[in-house]
Amino acid sequence: MIAFHCTNSLSLQSMKNKAFKRYTVTSALPYANGPLHIGHLAGCYIPSDIYVRYLRLRQRDVAYVCGSDEHGVAITIKAKKEGISPQEVVDRYHEMMKASFREFGISFDHYSRTSASIHHETASEFFKDLYQKGEFLEQTTQQYFDEEAGQFLADRYIEGTCPKCGHDGAYGDQCEKCGSSLSPTDLINPKSKLSGSTPVLKETKHWFLDLARYTDFLKNWIMVDHASDWKNNVLGQCRSWLEAGDGLQARSMTRDMDWGIPVPVEGAEGKVLYVWFDAPIGYISSTKEWAAEKGIDWEPYWKDEDTKLVHFIGKDNIVFHCIIFPAILKTHGGYVLPDNVPANEFLNLEGDKISTSRNWAVWLHEYLQDFPGKQDVLRYVLTANAPETKDNDFTWKDFQSRNNSELVAIFGNFVNRAVVLTHKFFEGKIPALGQLEQIDKDVLEEIAAFSEKIASSIERYRFREALSFVMDFARMGNKYLADTEPWKAIKTDPERTGTILNIALNIAANLAIMSEPFLPFTAAKMYGMLGLEGLLWHHAGSAALLKSGDSIQEAALLFEKIEDQVVEAQVNKLLEAKKKNEMEQAQAAPMKDIITYDDFAKLDMRVVKVITAEPMPKSKKLLKLTVDTGLGQRTVLSGVAEHFKPEDLIGKQVVMLINLAPRKMMGIDSEGMILMAEDRDGSLKLLQPHQTVFNGATIS
């Protein structure tokens, strides 16, 4: 066993402000069992991309790595549901996610996958290293076993009743209704998702990481050394684990499964590495692949103290990245620990939790199809409303409002005015900078200050704040034009007008640099429009980015207004998906009490024809029907007005219970009952013969 010694906190504190030689930046590996949605983007991919693009503008040495997480129970459940192999599932979604990331502008240096051989080798090496050091506890425990399927059941293959809220569809690891963490043995009436049978407990051997041994190291490293620079939500969740009454518990690093990385020790046949043991190691194997392609050494990006390691994740992954993975790295030795783990909270959708199983999500690949060329609009909205400190909500109305009132009316409007006026008054050539007035001097001072404010916010992982400064800078440009009124000045003082537009165009050039981490596609358009290239962050703040006399291109709209019907269509798509899911999840009503044949024989059901149909005055539910029963005509009041128009029923043959005792309703005797089928969504459907029969035909 290795004895852990706490690093001197003063020395770590002194390192916080050091200038790092390189940066290794990771984003959580997305599960390859479905497409990407906006919750993924807001949680970690947009923040990490902003950070990395900023670092590159500062000419930092960066390795930005990610990859598809292709192991674990979620993959096998998806494969079983679709009747295909796990490999087919991960191949499909790996390519889909990789393409979506690329098209959306997430600028990974390398995007790998955990099914790659180099990852299997790297994860196996880590496990063997810890095993040889005696870090694992070998324990024989009881685990649920499906006798019909002949296999042990992973947590997600077990469903039952939640002991805390009574929800019938709780999983073996969590109740998604109340959010409680569970163990399979906590469930009431557990059932196997493989066969539907009741599983039995059976002994099995696994290898556990004794997390309790790392408690002192983790407490000092997290709660002391990083108390001032990690986000409160991260510190709070870590504290809840480290200071729990029963402390950190041993956690199994192996699973009884046939899909994953085989456990590389004797006696572990039929077992694979726990997905949360192997997945974070995917960052290392992805870096290895990237370095090999570039022909450079990967080790400095993980083993040099001058490297800054930053993990971007969602809050549901905090324990794995702040407790389990650092414990593994520390035990293995030689690896740097994360300098920061700026986890975001969750993004909800239209007031409800995003759910892939319920199809309550805005899928990235569908957004890219529905809104071509509008990647930056979604990047902007998700950053402006990012769940950095608390859960936030995405709505299509807010998306529309931010696009129209901020990107179009402020950002795009300013750039468009500056370029259009330059073409109108100076033939598209950048005018000379003349004598400065006080308003010009004030604006030039502000230009120099903004880049520093934005940089400070980005480096503290406050991306919402940084983006608000970018938008404030665009507002400043608009205000400058409004206050100086070059369209009026041109009539009396062309030289003064030239100075105003020179400054305005330089504001636009600065805006392109400062917005590039957030809106890369827009910044590229602006660079092209202004004839700029090769600008870096240190150029921001300068009022001399453009050379007098150089030509600029004609103005092109950076953003366009999004109309009501466009967002209404997106809301309707969500509602339709929700309705479809509810119908698929709806269950048949329980069977009524058993009856005898004599009871059934008393019912006289006939095929009848609707002769007339009309609404009942003062009733929203009733229609007055005249039907031909084959034994004469009858009047029936039927509560179907909210489901059928009168003209939809006239001439139809339907099923009627004709020997039901008459019932007076609204002063009219209803002489029988029209029978209907209620669908999963509550809508009513007619019961009709598939071929025309004579009126009065009996049903038996």
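## Salt bridges in a predicted model

Arginine 402 is buried, with a relative accessible area of 19%. The cut-off for buried is under 20%. This comes from a predicted model.

Arginine 402 has a charged partner. Its side chain meets that of glutamate 406 in a salt bridge, 3.5 Å from N to O. Glutamate 406 is buried too, at 16% relative accessible area. Both residues sit in helix α13 (residues 396-426). They are four residues apart, about one turn of the helix.

The count of salt bridges comes to 35. Among them is the pair aspartate 91 and arginine 113, with the closest N and O atoms 2.6 Å apart. Aspartate 91 lies in helix α4 (residues 86-104) and arginine 113 in strand β3 (residues 110-113), so this bridge ties together parts 22 residues apart in sequence. Aspartate 91 counts as partly exposed, at 33% relative accessibility.

Glutamate 465 and arginine 460 form another salt bridge, at 3.4 Å from N to O. Glutamate 465 is partly exposed, with a relative accessible area of 27%. Arginine 460 is also partly exposed, at 40%. Elsewhere, salt bridges that share partners join Asp49, Arg53 and Arg379 into one network.

The three pairs described above are listed here.

| Residue | Partner | N to O distance |
|---|---|---|
| Aspartate 91 | Arginine 113 | 2.6 Å |
| Arginine 402 | Glutamate 406 | 3.5 Å |
| Glutamate 465 | Arginine 460 | 3.4 Å |

Definitions and conventions. Residues are numbered from 1 along each chain as its sequence is written. This is a predicted model: local features need pLDDT of at least 70, side-chain atom pairs count only at pLDDT 80 or more; totals for chains, interfaces and linings use all residues. Side-chain values use heavy atoms; hydrogens and water are left out. A salt bridge is a side-chain nitrogen of Lys or Arg within 4 Å of a carboxyl oxygen of Asp or Glu. Helices (H or I, at least four residues) and strands (E, at least two) are DSSP runs, numbered from the N terminus. Buried means under 20% relative accessible area, exposed over 50%, partly exposed in between (1.4 Å probe, protein chains only).
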